[in-house]
Amino acid sequence: MKIHLHSYDLPADVTFKGSVAIDTEAMGLKNHRDRLCLVQLSAGDEECHLVHFPEPRFDQAVNLKKALADKDLLKIFHYARFDVGILRHTFQLPVENIYCTKIASRFVRTYTNRHGLKDLCKELLGVDLSKQEQTSDWGSPVLSPEQLKYAATDVLHLHKLKQKLDILLAREKRQSLAQACFDFLPHRTHLDLTAGENFDIFSYQTDG
Ligand code: MN
C-alpha cells in the first residue's frame, strides 16, 4: 500500500475514472457538531490519497469537490450514510452514484448481524484489519503514522469487497433492491441533515 498525504485538496493531477473508494474521519459522528478532518480515496490500485484538513478550511478543496460531484464516478463506501452526510454537510454538495458495502452485506449475509468493515474483510477477503486508531484524535494538526495507515486501510479493500458482494447479490437476486437503496442514499442523508436521523418518512406514526 502506498499512502499519499495532501493538505486541504487533492492535487490537480490525481483524478479518478470509473470508481473510487471513499472514507472519512471526523471529530465524532454528529455532522452538525463534529467537523470533518480527513477524506481518504483509492482507485482500488493499492494507492491511497489522504486529504487532511488540519483546519476547517473547506473552500480550498476544489479538486476534491469536483471528484465528489462527478455523477459518472461510482463512489464506494462502507456505511455510506455517514460519509455522504458529512461530505454533503461540509462541502454543500449532493454525492450521487453510490455503492455501500454495508448495505450490500446486509442484503446477502443474512445469516449474521456482523456487518462491520473488519467482519467483511475477514470473511470475504481473509484479511485481518486493526481497528485500533478508530477512536483517535483526528483533529490533531499532525496525524501519526499509525493514524495514516489506519485511515488508508479503510479504503484499501472496498473495491475487492464490492466484487465479492456483487457476486452474492446476483446469486441471491437482491441486486435491484440493493441498487434502489444505494439510489435513495442521497435523499436519506438529506433527510438526516434536515429532519434528523430518526425521522422515518415511511413510518405510520407521524409524530416527528
Ligand atoms: Mn474510517
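Modeller: Lys162 sits over the face of Tyr99, 5.0 Å from the ring centre. Over a ring means NZ of Lys or CZ of Arg within 6 Å of the ring centre and within 35 degrees of the ring normal. This is a predicted model: local features need pLDDT of at least 70, side-chain atom pairs count only at pLDDT 80 or more, and totals for chains, interfaces and linings use all residues. Residues are numbered from 1 along each chain as its sequence is written, and side-chain values use heavy atoms, with hydrogens and water left out.

Colleague: Which Lys lies over the face of Tyr79?

Modeller: Lys102, at 5.6 Å from the ring centre.

Colleague: Back to rings. How many aromatic pairs does the structure hold?

Modeller: The structure holds 7 aromatic pairs. Rings of Phe, Tyr and Trp (its six-membered ring) pair if their centres lie within 6.5 Å; planes under 30 degrees apart are stacked, over 60 edge-to-face, the rest tilted. One of the pairs is Tyr99 with Phe182, tilted, at 4.7 Å centre to centre and 45 degrees between the planes.

Colleague: Where do Tyr99 and Phe182 sit in the chain?

Modeller: Tyr99 is in strand β6 and Phe182 in helix α7, 83 residues apart, so the pair links distant parts of the chain. Helices (H or I, at least four residues) and strands (E, at least two) are DSSP runs, numbered from the N terminus.

Colleague: Is Tyr99 buried or exposed?

Modeller: Tyr99 counts as buried because its relative accessibility is 4%. Phe182 is buried too, at 2%. Buried means under 20% relative accessible area, exposed over 50%, partly exposed in between (1.4 Å probe, protein chains only).

Colleague: Which residues form the aromatic cluster?

Modeller: Tyr8, Phe53, Phe58 and Phe91 form one cluster.

Colleague: New topic. What are the protein donors of the manganese ion?

Modeller: Asp23 (OD), Glu25 (OE) and Asp154 (OD), at 2.0 to 2.1 Å. Donors are N, O and S atoms within 2.8 Å of the metal (3.2 Å for Na, K and Ca); water is not among the atoms, so sites may look incomplete. Their spacing along the chain is D-x1-E-x128-D. Asp23 and Glu25 are both buried.

Colleague: And the backbone. What is the phi of Gln92?

Modeller: Positive, about 55 degrees, although Gln92 is not a glycine. Gln92 is in the loop between α2 (80–91) and β6 (98–100). Gln92 counts as exposed because its relative accessibility is 65%.

Colleague: What about Lys173?

Modeller: Lys173 also has a positive phi of about 55 degrees without being a glycine. Its loop runs between α6 (158–171) and α7. Lys173 is exposed, at 71% relative accessibility.
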